[in-house]
Structure formats: C-alpha cells, structure tokens
Amino acid sequence: MTVPQPPEPIPGARLLFSLDPSVSHLNHGSFGAVPIAVQRAQQRLRDEMEANPLRFFTQGLVDRIAHARRHLAAFLGADPDGTTLVGNATAGAAVVLQSLALRPGDEIVTTDHGYGAVALSVARECARTGAVSRTLPVPLTATDEEVVEIVRDGLRAGRTKLLIVDQLTSPTARLFPTAAIVAVARERGVPVLVDAAHAPGMLPATVASVGADFWVGNLHKWAYAPRGTAALVVAPPWRERIQPLVVSWEQDSGFPVRVEWQATLDYTGWLAAPVGLFTLRSLGVDRVRAHNAALAAYGQRVVGDALGVAPERLPEPGGPAVAMRLVPLPPGVATTLDAARELRARIADRLSAEVSIAGWNGRGYLRLCGQVYNTPDEYDRLVVRLPTLLAQG
C-alpha cells in the first residue's frame, strides 16, 4: 500500500502564526496555537483594561462577554441561552459534576478513553459525595456499533446519574458515535456529558446534532481562540441547577452569567475569541478541516512505516475530519505516564519536534496532529532519527 499523498499547503497559512520555525510543532491538539491577529486583538483588549481597570470591569463587560458568547455559540451550533464560557473542558466538566447533587451510592460511568484530568475530577467528586465511578473498557478496534452496545450494557437505570463520553478522545484519537450513545443513554434515563475538547474547529458536527445534556468543548485548540476559552452547553432542564465553582457578585443573575463571571479574571481571551473564528473562516473552514485531516493521515503512515507498523495495524480515527492520528510504539516503550513524559521531552530536545506520547492500556502511542502551519517534510524529518532514539531506550 502506498503512503497517502499529503495535501497541498494553504498559501500564507504558516505566516499567520508566531511559532518557532526551528521546531516541528506536530502536537496542536494539546495547547493549540494562537494566530498573530488573535494575539494582537487580545493585546489591544489588555491595553484597554490596563488603561482604566475600573471602567473595563464595571462598564459593560458582562454584556461584552455575552456578545462574544453568542458569536461562539452560533459557530458551534448551540443555543446561546444554554451556553456559558469557561476556562477549558476540564473546568466545564467540574462545573457539571459539582452541580449534580450526587449522593452515596450514585454512579458515574466513564470509558477508558477519557481524559485523565476529568477522571481525577470524577474521583474527587465521588470522594466528596460518596458516589462511585465505574469505567467501561472499550477496545481501540471496536466498531461504532460495538461501542454503543458496550455503553448500553454498562448503564444502570436509576443508579447511573451521569455518563461521561468523549466526542474525540485525547489519549487514543478515536471519534466516538456520541449522538448514538446519547440516544441509548436517554432510553435508560441517564444524562450524558460529552467531553468535546477537540471538536470545535475540527469536527463538522454541531452541538445540537449531538443532543447531550451537557457538552463542553475548547475553542483554544482547533478554533484559534486564545487559551482559556471553552464553552459549556447545557440542556434546558439542567440550566438552573448549574452552579459556578466560585460564587461571585453575578450569582443572582442565573445561568449562564453566574458561571462566567469570576470577578477579576482576565476576560480578554474570551472577547478576542471571535477573531480566531474570523481567521478560520478566512482560510475556509472546510478547507482547513480537509487539509489538517489529510496531513495527519500522511504523518501517521510515514511514522508508522518508519517504526515497522503495518498499515492495517494503524488505528483508524473513525472519521475523515479527524486531524489527530495514533502510531503504536514498540512494546514496552512509554507504557506509563512518567515514561511517556520522558520520551516526549527527549523527542523535543533531540529531534526538535513536539509530539504527544501517551501510555494507554499497557501500550505506548505517539499522537500526531496536522495543522495549517505544518508541512509534510516535518513528518519526514521526524522519522529520520526517531527509530534510533526509540532503540536507545
């Protein structure tokens, strides 16, 4: 089988970012990259804030945040009245968890593809309330139908108070059939939180099409917003039950304002986020999605070939729009969190490449992303020395 052809570059896209050109930035999914125009828009807002802090915080800021929220909600295909801005997907998940009023014996169900920080949040809430958590194992090779059946069999009507499922998983870059999972959970009367950290900007599915009780996604990854910009979308029956992690002066304003307002936070990232969407739309949303997914697929095959991984053993993402791909590492390599961090640092230091390394179910994986600032030769350069580095332990 031949390596898939890389996409044609989008002219001028690389110049939109201030990334260090001496480094191959192949891990957009972790922290994103903020376009220069967005950086400048945020800096102008910071200048405004510092010129007169009292005026900035007390005259119209709540309305300006609401305006930005409506703009972002429209892009996501979400109800603006049910959308609140939060710092990131993990923070949004924490807001939901502590708003459920869990009791001893209540159950939270997750899958083994979930994000680690969300799992820690679940553990903390269970320890605080006496609830319990249960993790459903989902094989990496499971079909969508098999995933749905695993979830169906794992829910307990009357006891399971929340199902948390990822739309696109962080450790395994797997696209889950979230709409079908939500439908199955609804049959059991189980509310669903969809962790869509990587969805905004990458995936075409709208929030409304997923239909979850709670949906949270980061805009600072694939939608070019400043870091610390995410949206939590809540279905109507739950909105008045949602409480902020910290009570502020807007507590009596109700949802969504009481969640957003946290006194003297720096809100300039949220206000500048629509500029990120403008940048994405200027490049062409569909064009960017197709480019990034094709480039990630190219990188997966190039690295997989270099490491001796047969094409049929390369994990499939489950959709043509997925711009993150996994490559299995040799057995015994990066199987723990500490080992994965150490390997990622060595690749960065010795190969001048930023990638994601994760240990999942006893196997190490290298995760590659594709973004408009990447070029095929960056993946080609990575594999020149990567096999030797891995062989050195």
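Me: How do S7 and S8 pair, and over how many bridges?
Reply: In this predicted model, S7 and S8 pair in the antiparallel sense over five bridges, where strands are DSSP runs of E with at least two residues, numbered from the N terminus, and two strands pair if DSSP finds at least two bridges between them. One of the partners is leucine 232 in S8, which is bridged to valine 216.

Me: And what joins S6 to S7?
Reply: Strand S6 (residues 192-195) runs parallel to S7 and is joined to it by three bridges, with leucine 193 having phenylalanine 214 in S7 as its bridge partner.

Me: Is S7 buried or exposed?
Reply: S7 is mostly covered, since five of its five residues are buried, buried meaning under 20% relative accessible area with a 1.4 Å probe and protein chains only. Phe214, Val216 and Asn218 lie on one side and Trp215 and Gly217 on the other.

Me: Switching to aromatics, how many pairs are there?
Reply: The count comes to eight aromatic pairs, taking rings of Phe, Tyr and Trp (its six-membered ring) with centres within 6.5 Å, and calling planes under 30 degrees apart stacked, over 60 edge-to-face and the rest tilted. The rings of phenylalanine 17 and tyrosine 224 have centres 5.6 Å apart and planes at 75°, so this pair is edge-to-face.

Me: Where do phenylalanine 17 and tyrosine 224 lie?
Reply: Phenylalanine 17 is in the segment before strand S1 (24-25) and tyrosine 224 in the loop between strand S7 (214-218) and strand S8 (230-234), so the pair ties together parts 207 residues apart in sequence.

Me: What about the numbering and the confidence limits?
Reply: Residues are numbered from 1 along each chain as its sequence is written. Local features need pLDDT of at least 70 and side-chain atom pairs 80 or more, while totals for chains, interfaces and linings use all residues, and side-chain values use heavy atoms, leaving out hydrogens and water.

Conventions:
Helices (H or I, at least four residues) and strands (E, at least two) are DSSP runs, numbered from the N terminus. Buried means under 20% relative accessible area, exposed over 50%, partly exposed in between (1.4 Å probe, protein chains only).
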